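Subject: Structure handover

Hello,

Here is the structure I said I would pass on. My notes on it follow below the display.

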Amino acid sequence: MARMKFLCDADRCIECNACVTACKNENDVPWGINRRRVVTINDGKPGERSVSMACMHCTDAPCAAVCPVDCFYTTADAVVLHNKDLCIGCGYCFYACPFGAPQYPKLSNFGSRGKMDKCTYCAGGPEVDLSPAEFQKYGSNRLAEGKLPLCAEMCSTKALLAGDGEIIAQIYKERVVKRGYGSGAWGWQTAYRETIAI
Amino acid sequence: MPLGAHLRFLFSGLLLALALAVAAPAGAQQVNPTANSVREQQFLEVLKGNPSAELRGRVSIPDTRAATLERPAGRDWRSFHQGTMTRIGAVAVLGMLVILVAFYLFRGRIRIAAGPSGQTITRFNAFERFMHWLTAGCFIILALSGLNVTFGKALLLPLIGPQAFTNLSVAAKWSHNFLAWPFMLGVALMFLVWIKDNIPNLGDLRWLAAGGGLIGKGHAPPARRFNGGQKVIFWAVVLGGAALSVSGVYLLYPSFSGGVLDMQFWNMVHGIVAVLMIAVMLAHIYIGSIGMEGAFDAMGSGEVDLNWAKEHHALWVAEEVEKGRAPGARLQPAE
């Protein structure tokens, strides 16, 4: 099986936010929740870079480790998913996540956050693949249709890559060698404990 | 500005300086003048001196919290929650249970040496008992629902299955959030009503030095209304309860506590103080029930046996008698 990862080539990202919009539309993500966002570092200064960031589907995921009800699971493709029927909305995954991926439909007081929502790598949830219940709770399941996450698939500059970690790392390496520079695979050191050696 | 904001501000400055330093020597031979940019590795290097730093940028969506690109501090909180917290909790709770069982086996139930007198004296009035049981009842539910968050996954989940465990945990979460309020009220009432009898003095030190008559031979020095051990319990409840209240309110109101780093901090405070307080309360429950003959009456009916009172609170009994609050008879003689 593949080891699915995301890779954002910050030297290509033009902060168009199409990945954000695609994600919201494809998964019918409610108001107030952004499973994916584009963050611009050193905005307007030399060395400015934009990075598209969502759940990185970490190796040894911190969210899964701290969940008090054990509602997370990792698929055969190494995608980190969770079961909203089991989630109690305690917020612990949000405390632990290095990427700020877990989101809650409500952020009111008294701990009424609602069920956590995050990027599913367009892989749905524990319900029957492509069922209405799955779509309603988790959004699209493109992986079950043999497609990759929409954010990466429609990225106009192909800055955001999704797919098997080794293949997207190879694509990135070739780019860096050809153009002579690369600001690295953002999040990889933190999510996968590895960098891409050029 | 809160500390977290200061750190983030400082860190952005550092990051900018770093980026400029890297970008400066980029001469005309470079294909792209902005080719050199900050990398994750550089960010992680900076982090080594400041583990609570976040890498923030700018986002064009309204949710400004989304502007944090990376926040590796979550990893430290994870290792605290999965490691340190679990160990401290297990040692505090199991350790105290082992100590109490061992104490019971060696010392047995502490009897009233002179035997029950049949005469009683009022130790706690109805209001005092109400505020005690209000706090105690809430504390037991809060403690169990709190322990469930840390230990339920390992201990209870395998026994009752995922869906039942989730249902229980949701109920536990709501009970925890709402019973926190009467608990805080109870702690505040106990503080106000009992503070005057709980000012530490030299006699308490002598009482504690003598092991309170619990450990070793000989009897403890005479005590007033509360002895050294009870004062320790009082201050543990007041100070521990205050720490739990402050940290708990911050956790209940995420909008007050600043950012997720503050939430992590308050969560750690809440967890450690809670397990220590559970350990203290286990000892308190033991000595107030099976550990000592006559002790439960103080919080049960409020009327304690006169001989019990004389053995444990001789100075207090003397004061009460002086005030004319003569002990009543438990067994009413036939007239």
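Two residues count as being in contact if their C-beta atoms, placed from the backbone, lie within 7 Å. With that in hand, the buried residues of α6(B) pack against α4 (126-155), α5 (157-160) and α8 (228-252) of chain B. Please keep in mind throughout that this is a predicted model.

Helix α6 of chain B

This helix covers residues 162-194 of chain B. Its 33 residues should span 48 Å at 1.5 Å a residue, and the end C-alpha atoms are 45 Å apart, which agrees. There is a kink of about 35° at A180(B), shortly before the proline P182(B). The buried residues of α6(B) include F165(B), H176(B), F183(B), M190(B) and W194(B). W194(B) also belongs to a nonpolar core of 17 residues, among them F139(B), L142(B) and V237(B).

Where the chains meet

The contact between the two chains takes 48 residues from chain A and 56 residues from chain B. On the side of chain B that touches chain A, the elements giving two or more residues are α1 (3-23), α2 (40-47), β2 (68-70), α3 (73-107), α4, α6 and α9 (260-288). Of these, α6(B) gives the most, with 7 residues.

The largest core

The largest nonpolar core has 78 residues, and C8(A), V51(A), C93(A) and L160(A) have the most contacts inside it. Helix α3 of chain A (residues 92-96) gives the most to this core, with 5 residues. Domain 1 (3-70) and domain 2 (73-329) of chain B both contribute residues too, so the core lies between them. As background, nonpolar side chains tend to be buried together in soluble globular proteins.

What does L160(A) touch, leaving aside its neighbours within four places in sequence? L160(A) is in contact with F6(A), C8(A), C19(A), S52(A), C151(A), A152(A) and C155(A).

Strand β2 of chain A (residues 36-41) pairs with β3(A) in the antiparallel sense over 6 bridges. In this pairing R36(A) stands opposite A54(A), and T40(A) has S50(A) as its bridge partner. For β2(A), 5 of the 6 residues are buried, so this strand too is largely enclosed by the rest of the structure.

Chain B overall, and one residue in it

Chain B holds 12 helices and 5 strands. Of its 335 residues, 31% are buried. Among its contacts between residues at least 6 apart in sequence, 69% join residues at least 24 apart.

One residue to look at is A309(B), in helix α11 (residues 306-312) of chain B. Is A309(B) buried or exposed? A residue is buried if 20 or more other C-beta atoms lie within 10 Å of its own. A309(B) has 25 other C-beta atoms within 10 Å, so it is buried. Not counting residues up to four places away in sequence, A309(B) touches I121(B), R123(B), V304(B) and V317(B). The C-alpha atoms of A309(B) and L214(B) are separated by 16 Å, and these two residues are 95 apart along the chain.

Regards

Key
Residues numbered from 1 in each chain as written. Chains lettered and ligands numbered in written order. Predicted model: local features only at pLDDT ≥ 70, side-chain atom pairs only at ≥ 80, totals over all residues. Core = buried A, V, L, I, M, F, W, Y, C linked by C-beta atoms within 7 Å. Buried ≥ 20, exposed ≤ 12 C-beta atoms within 10 Å, placed from the backbone. Helix = DSSP H or I, 4+ residues; strand = E, 2+ residues; numbered from the N terminus. Domains from an automatic or database assignment. Pairing = 2+ DSSP bridges. Expected span 1.5 Å × (residues − 1). Bend = angle between axes of the 7 residues up to and from the residue.
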